[in-house]
Amino acid sequence: MTHADRNAQLRMRLERFQGRTVAVTGASGSLGQALLQQLHAQGAQLIALTSSQTPLTLADAEGTPIPLEQISWRCGAEQELAPLLERCDVLVINHGINSHGDRSAAAVERSLEVNALSSWRLLELFASLKASRPREVWINTSEAEIQAAVSPLYEISKRLQGQLLSLRSLDLAGPNLRIRRLVLGPFRSALNPIGLMSASFVAREILRQVSWNCSLVIVTPNPLTYLLMPLATCSRWLYFRAVSQPAG
Ligand SMILES: NC(=O)c1ccc[n+]([C@@H]2O[C@H](COP(=O)([O-])OP(=O)(O)OC[C@H]3O[C@@H](n4cnc5c(N)ncnc54)[C@H](OP(=O)(O)O)[C@@H]3O)[C@@H](O)[C@H]2O)c1
């Protein structure tokens with residue numbers, strides 16, 4: 001490859017999100033921040049959706065502050081985000097919680113609401129908005145969709161999130177809405193302090209696979225996930241298509 005080709009490739013990588021507005025939920029979390037930094041490096045205009053009131057300040061590799069619009073939201077009030085999401089080209093649904101060993105009724109409710117139901121409601125909302133341009137939604141499930149995560153409610157809620165995504169994608173995905181599923185292995189964060197990978201490595205790999213145009217983005221050291229996850233999504237697709245119908 002010549003120097004000019006390499007420069008052209010680098011320019012393309014840097015400009016991939018130029019002029020595109022990307023909103024990320026769970027923005028103040030480890031992966032949320034890492035994704036915002038990587039997306040900024042590729043030219044995106046950023047909207048940080050956060051349930052926290054603390055101002056989010058991010059800097060690039062040179063220490064220059066990253067411009068971003070910070071918006072507060074809460075699970076259950078997804079509809080209030082409609083005017084904001086109308087301006088977005090890409091929505092990254094990334095927020096999540098891990099109740100670890102808690103199996104109380106309150107933990108069941110919280111896990112289902114945060115990990116599965118609010119994610120599904122945001123997907124429906126984003127898909128329902130009128131847009132004349134192609135848009136994308138990326139949904140961060142987890143390899144807990146198909147593997148043990150030493151956390152029953154995390155597994156149950158992530159499986160529900162993944163299954164709802166498979167079912168509703170049959171109707172919602174189309175030429176104007178690209179849906180990408182992010183299936184991630186363990187990385188270090190408040191949610192998983194002993195994760196093997198770093199959030200910035202995971203964010204870089206996500207964007208690399210997005211640049212390859214993958215709909216199923218898998219980042220994990222576990223080789224089984226690369227085998228089982230495509231099988232799981234494919235068999236769900238066949239089964240849901242065979243036994244369910246679109247509205248009307
Ligand atoms: N860490 C792992 O090993 C791992 C592996 C696979 C998948 N994942 C998934 O990756 C995503 C990001 O997780 P992370 O590891 O970066 O964890 P994290 O640092 O704990 O970030 C999760 C973020 O979700 C948001 N959140 C938490 N509770 C919320 C609530 N009740 N309502 C709305 N937002 C809430 C918070 O961000 P705000 O305060 O900004 O709202 C929080 O910082 C999650 O969906 C997680 O399931 C993680």
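Read along the sequence, the protein chain follows the pattern α-β-α-β-β-α-β-α-β-α-β-α-β-α, which comes to 7 helices and 7 strands. Here helices (H or I, at least four residues) and strands (E, at least two) are DSSP runs, numbered from the N terminus. The model is predicted: local features need pLDDT of at least 70, side-chain atom pairs count only at pLDDT 80 or more, and totals for chains, interfaces and linings use all residues. Residues are numbered from 1 along each chain as its sequence is written.

**Overall form**
- The protein chain has a radius of gyration, taken over C-alpha atoms, of 18 Å, which agrees with the value near 18 Å for a compact globule of 248 residues. The globule rule is 2.2 Å times the number of residues to the power 0.38.
- The C-alpha atoms fill a box of roughly 55 × 40 × 40 Å along the principal axes.
- Of the 248 residues, 34% are buried, meaning that 20 or more other C-beta atoms, placed from the backbone, lie within 10 Å of a residue's own.

**Helix α5**
- Helix α5 (residues 152-172) has 21 residues and reaches 29 Å from its first C-alpha to its last, close to the 30 Å expected from 1.5 Å times one less than its number of residues.
- Its buried residues include Leu153, Tyr154, Lys158 and Leu165.
- The buried residues of α5 pack against α4 (105-128), β5 (135-140), β6 (177-184) and α7 (223-243), where contact requires C-beta atoms within 7 Å.

**Ligand surroundings**
- The ligand is surrounded by 27 residues, each with its C-beta atom, placed from the backbone, within 6 Å.
- The closest are Gly26, Gly29, Thr50, Gly96 and Ser189.
- Helix α2 (residues 30-41) gives the most to this shell, with 3 residues.

Definitions and conventions: Buried ≥ 20, exposed ≤ 12 C-beta atoms within 10 Å, placed from the backbone. Contact = placed C-beta atoms within 7 Å.
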